[in-house]
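Work through the exercises below with the structure open beside you. Try each task before reading its solution.

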2 protein chains.
Amino acid sequence: MHERITLSDIAEQAGVSTATVSRVLNGKSNVAEVTRRQVLAALDVLGYERPETLHRASKGLVGLVVPELSNPIFPLYAQEIEQLLASGGHTPLLCTQTPGGTSEDEYVEMLVDRGVAGIVFVSGRHSDTGGDVTRYQRLRERGVPLVTINGNAPTIKAPGFTTDDRAAARMAVDHLLSLGHRRIGLAMGPGRMVPAQRKRAGYEDAVSTALPDEPLRIVETLYTYEGGASAARQLLEHGCTGIVCSSDIMALGVISGARAAGLVVPDDLSVIGYDDSPLIPMTDPPLTTVRQPVEAICRAAVTTLLASIGGEQPDDTEMLFTPDLIVRGSTAPAQ
Amino acid sequence: MHERITLSDIAEQAGVSTATVSRVLNGKSNVAEVTRRQVLAALDVLGYERPETLHRASKGLVGLVVPELSNPIFPLYAQEIEQLLASGGHTPLLCTQTPGGTSEDEYVEMLVDRGVAGIVFVSGRHSDTGGDVTRYQRLRERGVPLVTINGNAPTIKAPGFTTDDRAAARMAVDHLLSLGHRRIGLAMGPGRMVPAQRKRAGYEDAVSTALPDEPLRIVETLYTYEGGASAARQLLEHGCTGIVCSSDIMALGVISGARAAGLVVPDDLSVIGYDDSPLIPMTDPPLTTVRQPVEAICRAAVTTLLASIGGEQPDDTEMLFTPDLIVRGSTAPAQ
């Protein structure tokens with residue numbers, strides 16, 4: 001039952017001829033760059049080491065600042081952005097924060113000191129309305145191109161690429177309304193954060209339009225599993241039969257909080273997450289969620305950053321990307 | 001239902017008095033470093049920006065090279081190591097690879113060019129018996145301290161810290177034996193990799209000792225969901241009622257492969273993963289798995305690296321860490 005990997009396996013994986021694989025492995029110059037990269041990728045996927053002759057000069061470092069890695073949406077963004085940067089010939093440097101560890105500002109200083117060509121910020125301080133925005137301004141003054149992902153505060157001057165949080169919350173509420181729910185709650189992140197504010201606005205719009213007599217049921221908490229469990233307790237006291245959450249991890253916490261209260265999801269309580277990532281369809285029950293269009297956002301952000309690095313003047317506007325409602329097993333008709 | 005965060009919230013989160021929080025925020029020097037870090041961590045957890053006066057000089061960069069981020073065990077290792085490095089005053093730089101992107105060698109060159117104080121390799125080429133080991137030797141000759149995590153090849157001279165893969169496979173087989181299974185399969189990663197070889201040895205030991213008349217049922221495949229699904233098809237043809245997998249992602253692929261064949265897990269087929277990470281207990285069914293002792297491994301690896309950076313001569317031996325069998329819902333008595 002063993003398999004040995006051959007030249008033709010590499011060719012098949014790369015979708016090219018064995019002659020092409022052999023040309024690439026021997027470092028011949030008569031191969032298109034895109035083909036060369038396909039063969040390198042095939043070697044990597046199959047777990048093979050690249051011949052030393054295939055090393056190439058990098059076009060420069062690009063910093064990628066993400067808040068943490070425990071929420072699986074951040075590794076997903078990081079992996080996607082790194083792939084795009086690397087296929088453009090840049091070397092991505094991933095800076096992730098841990099509580100009490102290196103802060104965003106310290107990473108930015110370090111990146112600038114090391115002559116980084118540009119920086120991508122994912123869910124950074126740019127989305128904090130209470131945050132200090134001068135750091136982004138200083139970067140621009142020092143000529144360091146930057147782009148942000150997810151929720152620019154109104155004062156930030158930088159090209160932003162973000163999931164439409166308002167639409168996301170509206171979609172989630174509309175789905176619960178269509179299932180007959182009337183007491184719908186929102187478990188949101190800290191109210192200083194732009195994405196949280198926008199989700200709140202979308203929730204308020206949708207609920208007050210459809211059910212003008214129902215009170216708004218909102219709990220502001222941390223973006224964590226424990227935050228979700230705690231929000232569930234409060235929202236259940238307010239009679240909710242459906243809860244919209246600001247992240248999948250919070251939604252899993254809400255489900256655990258509901259179970260601790262003796263409820264069954266989705267029979268007694270419908271729960272909707274936000275983000276989506278590869279393991280989420282495999283949860284019990286499979287989580288209904290609003291999926292961030294990660295690939296489209298990263299592609300637009302990286303394209304803009306690379307154009308900026310190439311000398312183009314970017315537009316300091318925020319581009320909104322529409323998410324998708326993914327209906328799985330954690331939502332059901334109201335009883 | 002709103003919550004405003006106050007000085008006393010920070011104090012409570014940090015487990016210190018409000019007076020201490022205030023001393024730290026005002027940059028007073030009469031605070032122990034460990035207390036200062038607790039307050040910083042509390043600010044970070046609560047999502048607050050640190051005052052600029054709290055920035056500090058880094059003791060230097062430490063590179064952290066991981067193969068990828070889609071398997072959730074790698075973000076878990078990365079987060080743990082970063083936390084330990086940062087609390088020791090170092091700035092971690094995370095280098096992750098993507099197919100066709102920047103390779104391990106390219107990252108190492110870049111890190112050395114930028115004067116990195118040391119490098120931690122997680123599941124890198126050091127575990128590939130077909131890999132080129134001179135890169136590690138060259139690093140040592142250039143005076144760059146390094147440590148490796150998970151499966152040093154016999155030729156590698158570096159302090160290694162690794163889960164005991166042989167014990168892991170033995171534990172998994174023993175659990176299936178105790179449930180009455182006799183036709184037990186192994187879905188393993190590429191045979192060139194040291195952890196895969198060791199798991200194979202543990203599986204062979206356990207099966208041939210307990211069931212000398214049963215054939216070994218082994219499929220070598222990629223460390224992916226699709227690899228697992230494909231291994232399931234082959235192992236089911238060989239009549240397996242229990243399958244031991246080399247990663248949780250492979251195990252989830254095995255479950256999907258079994259479902260595609262019309263089987264129910266665990267009623268018709270028991271499946272055991274390997275790794276464990278925060279979302280794994282929430283899969284359907286909750287995955288029985290062998291948990292890597294991530295925290296203990298990272299603590300030993302970082303302590304050794306920091307001692308090396310401090311001038312101590314490290315021992316080039318490999319330290320094995322015993323994993324834990326975590327029994328959940330994907331294994332059941334043989335029918």
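A crossing of two helices is left-handed if the near helix is turned anticlockwise from the far one by less than a right angle, and right-handed if clockwise. The model used here is predicted.

**Exercise 1. Describe how α1 and α3 of chain A cross, and name the residues that meet.**

Step 1. Find helix α1 of chain A at residues 7–14. Its axis and that of α3(A) come within 8 Å.

Step 2. Read the angle. The two axes cross at roughly 115°.

Step 3. Apply the definition above. The crossing of α1(A) and α3(A) is right-handed.

Step 4. List the contacts. From α1(A) come A:I10, A:Q13 and A:A14. They meet A:Q38, A:V39, A:A42, A:L43 and A:V45 in α3(A).

Step 5. Sort these residues by class. Six are nonpolar, two are polar and none is charged.

**Exercise 2. Characterise the interface of chain A and chain B.**

Step 1. Count residues. On chain A, 73 residues are in contact with 72 residues of chain B.

Step 2. Take the area. The size of an interface is often given as the accessible area lost when the parts come together. Between chain A and chain B about 6,300 Å² is buried, and carbon and sulfur atoms give 51% of this.

Step 3. Look for pairs. Nine residue pairs are in polar contact between the chains, counting those with both residues at pLDDT 80 or more. Salt bridges across the interface number zero by the rule.

Step 4. Classify the side of chain A that touches chain B. This side has 30 nonpolar, 20 polar and 23 charged residues.

**Exercise 3. Locate the salt bridge of A:R328.**

Step 1. Start with the total. The rule gives 26 salt bridges over all chains.

Step 2. Identify the partner. A:R328 pairs with A:D276, and their closest N and O atoms are 3.1 Å apart. The cut-off is 4 Å.

Step 3. A:R328 lies in the segment after β12 (324–326) of chain A, and A:D276 in the loop between β9 (270–275) and β10 (288–291). The pair links distant parts of the chain, 52 residues apart.

Notes:
Residues numbered from 1 in each chain as written. Chains lettered and ligands numbered in written order. Predicted model: local features only at pLDDT ≥ 70, side-chain atom pairs only at ≥ 80, totals over all residues. Heavy atoms only, no water. Contact = heavy atoms within 4.5 Å. Buried area = accessible area lost by both parts, 1.4 Å probe. Salt bridge = Lys/Arg side-chain N within 4 Å of Asp/Glu carboxyl O. Polar contact = N/O pair within 3.5 Å; in protein donor to acceptor, adjacent residues only side chain to side chain. Nonpolar A, V, L, I, M, F, W, Y, C, P; charged D, E, K, R; others polar. Axes fitted to C-alpha atoms, helices over the stretch in contact; angles between N-to-C directions. Helix = DSSP H or I, 4+ residues; strand = E, 2+ residues; numbered from the N terminus.
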